[in-house]
Amino acid sequence: MKRLAMLLGGLTLAGCGTVDTVFRDDSLARQQLKDQKSYCNTVPRVYSGVAYDFCRLHSPRPAKDENSQENALAQGMVIDMVLSGALDTLLLPYTLIQQQADGSLVLAD
């Protein structure tokens, strides 16, 4: 039972993009992308974790010196994209229905 809890906890942390778009309220993902000034206008429900992570990467970065942690953040996002892709694939039957019923997550007002 302890291993199962650790596995679920790891998946939750690893598939952060998927968790933010599938299991949480749309307004949270919308607000986080708006706060980062993402260039994306919508996030599809199908493979939403990968799309969400891409939108987080596809935003302006503040000017920082070369010693910043920006590269580490980008590498972490790429790893999260891969893990979100796996979790998105498992959730594909649900997200296909959700896409049909609700459409894409619209970020613009």
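Two residues are in contact when they have heavy atoms within 4.5 Å of each other. Helices (H or I, at least four residues) and strands (E, at least two) are DSSP runs, numbered from the N terminus. With these terms, Gly17, Thr18, Asp20, Thr21 and Val22 of helix H2 meet Ser48, Gly49, Tyr52 and Asp53 of helix H4. The residues of this contact divide into two nonpolar, five polar and two charged; here Ala, Val, Leu, Ile, Met, Phe, Trp, Tyr, Cys and Pro count as nonpolar, Asp, Glu, Lys and Arg as charged, and the others, Gly among them, as polar.

The structure is a predicted model, in which local features need pLDDT of at least 70 and side-chain atom pairs count only at pLDDT 80 or more, while totals for chains, interfaces and linings use all residues. Residues are numbered from 1 along each chain as its sequence is written, and side-chain values use heavy atoms, with hydrogens and water left out.

The geometry of the helices may now be considered. Axes are lines fitted to C-alpha atoms, for helices over the stretch in contact, and angles run from 0 to 180 degrees between N-to-C directions. The axes of H2 and H4 come within 7 Å and cross at roughly 110°. That makes H2 roughly perpendicular to H4, given that angles under 35 degrees count as roughly parallel, over 145 as roughly antiparallel, 65 to 115 as roughly perpendicular and the rest as oblique. Helix H2, residues 16-23, is largely enclosed by the rest of the structure, because six of its eight residues are buried. Buried means under 20% relative accessible area, exposed over 50%, and partly exposed in between (1.4 Å probe, protein chains only). The buried residues of H2 are Gly17, Thr18, Val19, Asp20, Thr21 and Val22.

Helix H4 also packs against H3, at an angle of about 20° and with the axes 9 Å apart. H3 and H4 are therefore roughly parallel to each other. In their contact, Ala29, Gln32 and Leu33 of H3 meet Tyr52, Cys55 and Arg56 of H4. These residues divide into four nonpolar, one polar and one charged.

The interior of the model is the next topic. A nonpolar core is a set of buried Ala, Val, Leu, Ile, Met, Phe, Trp, Tyr and Cys residues joined through side-chain atoms within 4.5 Å. The largest such core has nine residues, namely Ala29, Leu33, Cys40, Val43, Ala51, Tyr52, Cys55, Leu105 and Leu107. Helix H3 (26-35) and helix H4 (48-57) are the elements that give two or more residues to this core, and the largest share, three residues, comes from H4.

Thr42 has its place in strand S1 (residues 42-43) and is partly exposed, with a relative accessible area of 40%. Residues up to four places away in sequence not being counted, Thr42 touches Cys55, Ser104, Leu105, Val106 and Leu107. Val106 lies in strand S2 (residues 105-106) and counts as partly exposed at 41% relative accessibility. With residues up to four places away in sequence again set aside, Val106 touches Arg30, Asn41 and Thr42. Val106 and Asp26 are 80 residues apart along the chain, and their C-alpha atoms are separated by 9.2 Å.
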